[in-house]
Amino acid sequence: MFTEDIHLAIMPIGARTYKQKEFSVEFQGEASDCEMAKEIVGELAEFDRYDTAGMVCDAVDNIARYLAWEGQAAFEIIKYEERIYINGFTSKNLFKLFNWYLQIIPPGDRDLWKRKFSLIGKEKVWKVEIPHELGGVRGYKNILEKLRKYNHLGPSFYRRDLERGIAAKGFDFFKYVRSSEIYFNSVTRAWGWNRRDWSQDKCTEFYSFHRMLNFKYAQALLREHIIEEINRLLGRLEIKCKLIVTGLPTSSDILQIRNDMQKGELSFTAVSDKVAM
């Protein structure tokens with residue numbers, strides 16, 4: 001759920017938002033460059049869309065999904081007949097060696113690709129990574145590794161007993177669940193993830209909203225980082241156009257909202273309305 005929630009509503013779904021009335025997407029630059037920029041962003045989107053705002057939302061969400069899965073997103077830049085294509089590929093087993101990227105092909109796929117590794121020049125690769133403010137690639141992968149240690153259905157011996165119809169003795173499942181909740185909250189504290197749990201039987205309403213704002217802040221940081229990286233890609237491709245997204249709560253906006261809530265100057269309803277998509 002953690003990886004799904006990171007990219008969920010990082011942008012308005014389908015570019016439709018009922019709370020952020022000022023939301024807009026714009027490409028600034030010469031008309032010809034802006035058309036090229038739209039083609040590039042369209043390559044980054046998962047679906048073919050004809051509306052500019054929807055295409056940008058889909059592209060940012062798609063990149064965020066890659067980042068949530070692996071902590072980094074890798075794309076190959078292909079120039080063919082005066083057109084530029086951007087194709088995503090897995091960043092697993094991908095290593096940078098000076099001016100090259102080396103990717104080790106898993107043994108099970110080597111017969112398909114007829115080789116053990118692939119080598120590609122760094123000028124043909126565009127990479128986006130989890131920003132340092134959110135732990136960077138290494139810190140994020142560490143979070144994913146820690147989250148795998150706990151299983152919601154109980155430890156392996158407990159699950160085996162369930163499959164055999166045996167009632168485990170001396171094992172308190174509810175204590176296990178509580179311990180796992182505490183563990184998950186600790187591991188994802190920097191992100192403010194609430195595990196989709198809005199119940200307040202173990203925390204106050206204030207804490208629930210404080211944690212929600214922390215998660216919205218992390219999403220805003222990630223959204224701003226992705227848009228900045230897209231603009232860097234356009235500059236790298238010598239496309240004189242800039243992608244501008246406005247009308248969504250920025251990371252600094254959310255910090256101010258959190259500060260105002262802590263002072264008692266904003267109600268919980270007002271807080272929710274200000275950051276909702």
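Trainee: Which residues are linked with Arg 196 in a network of salt bridges?

Mentor: Glu 4, Asp 5 and Arg 196 are linked in that network. A salt bridge here is a side-chain nitrogen of Lys or Arg within 4 Å of a carboxyl oxygen of Asp or Glu. By this rule the count comes to 14 salt bridges. Before we go on, please note that this is a predicted model, where local features need pLDDT of at least 70 and side-chain atom pairs count only at pLDDT 80 or more, while totals for chains, interfaces and linings use all residues. Residues are numbered from 1 along each chain as its sequence is written, and side-chain values use heavy atoms, with hydrogens and water left out.

Trainee: How many helices and strands does the chain have?

Mentor: Helices (H or I, at least four residues) and strands (E, at least two) are DSSP runs, numbered from the N terminus. In this chain there are ten helices and eight strands.

Trainee: What separates Glu 35 and Lys 38 in helix α2?

Mentor: About one helical turn, because the two are three residues apart in helix α2 (residues 31-44). Glu 35 and Lys 38 form a salt bridge, with their closest N and O atoms 3.8 Å apart.

Trainee: Which residue forms a salt bridge with Arg 65?

Mentor: That is Glu 46, and the closest N and O atoms are 3.2 Å apart. This pair links distant parts of the chain, 19 residues apart: Arg 65 sits in helix α3 (residues 52-70) and Glu 46 in the loop between α2 and α3.

Trainee: Is Arg 65 buried or exposed?

Mentor: Buried means under 20% relative accessible area, exposed over 50%, and partly exposed in between (1.4 Å probe, protein chains only). Arg 65 is buried, at 15%, whereas Glu 46 is partly exposed, at 43%. Across the chain, buried residues make up 42% of the 277 residues.

Trainee: Where is Asn 214 found, and what does Asn 214 touch?

Mentor: Asn 214 lies in helix α8 (residues 205-236) and is buried, with a relative accessible area of 17%. A contact means heavy atoms within 4.5 Å. Leaving aside residues up to four places away in sequence, Asn 214 touches Trp 191, Gly 192 and Arg 258.
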